[in-house]
Amino acid sequence: MKEILSYQSVEVCFNGKAVIHDNSFVLHEGEILGIVGESGSGKSTLLKAAMGLLGNGGMVTKGDIWFEGKDIPDLPEGELRQIRGEKIDMIFQDAGASLCPIRTIGEQIYESMCAHRKISKAEAKEKALELFEKLNFKDGERIWDSYSFELSGGMNQRVGIVLAMLMQPQILLADEPTSALDVAVQRQVVQEMLQLREIFGTAIILVTHDIGVVSAMADTVLVLKDGHIVEYGEAAKILNNPEKEYTQKLLAAVPKLRRA
Ligand SMILES: Nc1ncnc2c1ncn2[C@@H]1O[C@H](COP(=O)(O)OP(=O)(O)OP(=O)(O)O)[C@@H](O)[C@H]1O
């Protein structure tokens with residue numbers, strides 16, 4: 001499988017203080033990489049670095065993040081904007097909350113697609129309904145015409161994921177995509193992300209506290225502690241035979257989901 005994203009000896013600082021130290025790992029086409037580690041270990045920072053979204057005080061101070069032959073930290077904002085959303089997209093824990101309350105889901109899907117390509121509203125709707133159907137959403141037409149407050153929290157989160165996927169990005173960075181959801185909806189979202197990989201070959205970096213979600217989805221796992229990589233490799237090996245004590249402790253959490 002082809003490498004599509006490669007972190008090489010990456011250091012990230014906020015206001016001069018390093019929070020990510022010498023991190024190297026790669027993501028291949030269609031691969032799902034799970035990043036785990038306790039709160040504050042730097043998981044979100046790793047994702048944001050690939051989107052050029054570290055904010056004013058944040059900076060990649062050493063190393064490279066290669067994507068399509070370009071080093072993301074070196075790219076000007078204009079080029080980053082073209083990559084974001086279209087080639088690499090990110091979803092958050094509250095993807096649903098980022099939906100605008102005063103415009104219908106359909107209007108937002110249309111606007112989001114228009115931002116990246118020339119497309120008519122009818123084409124946007126057709127594409128969205130097709131994806132809703134592939135993902136077994138029962139009533140795509142109704143969702144298209146709904147406002148977010150008319151949908152459940154879980155449904156909004158699922159719509160947020162569809163929104164991120166409509167541009168068919170090569171890489172989806174998912175930051176705690178299931179942690180605000182109840183177990184039944186979590187299961188659905190996990191299935192939907194796996195289906196997206198099947199349909200589009202999307203590679204996913206999944207940040208989560210939930211080892212169950214990692215074991216249900218990930219091909220590879222990276223364990224992060226205080227910005228250092230503790231363990232990195234094949235998911236089955238790390239989840240079944242962790243070498244490091246830190247990983248063993250993390251795995252003590254009972255998995256809630258299992259691979260189908
Ligand atoms: N914008 C920021 N400004 C200053 N420090 C930051 C900023 N964002 C993150 N940090 C610091 O970087 C470190 C890593 O934070 P990060 O949010 O990446 O951790 P995390 O593993 O994703 O945590 P959580 O699981 O709680 O989301 C923390 O020490 C945090 O305080």
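Author: In this predicted model, I105, Q108, I109 and S112 of α3 meet N156, V159 and L163 of α6. Sorted by class, the residues of this contact are 4 nonpolar and 3 polar, with no charged residue among them. The axes of α3 and α6 are 11 Å apart and the packing angle is about 20°. Angles under 35 degrees count as roughly parallel, so α3 is roughly parallel to α6. The crossing of these two helices is right-handed.

Each of the two helices also has another partner. For α3, which spans residues 105-114, that partner is α4, residues 121-134. Here the axes are 9 Å apart and the angle is about 110°. The range from 65 to 115 degrees counts as roughly perpendicular, and α3 and α4 are therefore roughly perpendicular to each other. On the α3 side the contact is made by E107, I109, Y110 and M113. On the α4 side it is made by K121, A124, K127, A128 and F132. By class, the contact of α3 with α4 has 6 nonpolar and 3 charged residues, and no polar ones.

For α6, residues 153-165, the other partner is α7, residues 183-200. Their axes come within 10 Å and cross at roughly 15°, which makes α6 roughly parallel to α7. This crossing, too, is right-handed. From α6 the contact takes in G154, R158, I161 and M165. From α7 it takes in V185, Q188, V189, E192, L196 and F200. These residues divide into 6 nonpolar, 2 polar and 2 charged.

As for the place in the chain, the UniProt record, an unreviewed entry, puts the feature "domain: ABC transporter" at residues 5-251. Over that range the chain is 39% helix and 27% strand.

Side chains of opposite charge can pair when their charged atoms come close. In the model the count of salt bridges comes to 15. One of them joins the side chains of E29 and K2, at 4.0 Å from N to O. E29 lies in the loop between β2 (17-28) and β3 (32-36), and K2 in the segment before β1 (3-14), so the pair ties together parts that are 27 residues apart in sequence.

Technical notes:
Residues are numbered from 1 along each chain as its sequence is written. This is a predicted model: local features need pLDDT of at least 70, side-chain atom pairs count only at pLDDT 80 or more; totals for chains, interfaces and linings use all residues. Side-chain values use heavy atoms; hydrogens and water are left out. Axes are lines fitted to C-alpha atoms, for helices over the stretch in contact, and angles run from 0 to 180 degrees between N-to-C directions. Helices (H or I, at least four residues) and strands (E, at least two) are DSSP runs, numbered from the N terminus. Angles under 35 degrees count as roughly parallel, over 145 as roughly antiparallel, 65 to 115 as roughly perpendicular and the rest as oblique. A crossing is left-handed if the near helix is turned anticlockwise from the far one by less than a right angle, and right-handed if clockwise. Contact means heavy atoms within 4.5 Å. Ala, Val, Leu, Ile, Met, Phe, Trp, Tyr, Cys and Pro count as nonpolar, Asp, Glu, Lys and Arg as charged, and the others, Gly among them, as polar. UniProt positions are given in the numbering used here, feature names are shortened, and annotations may be inferred rather than shown by experiment.
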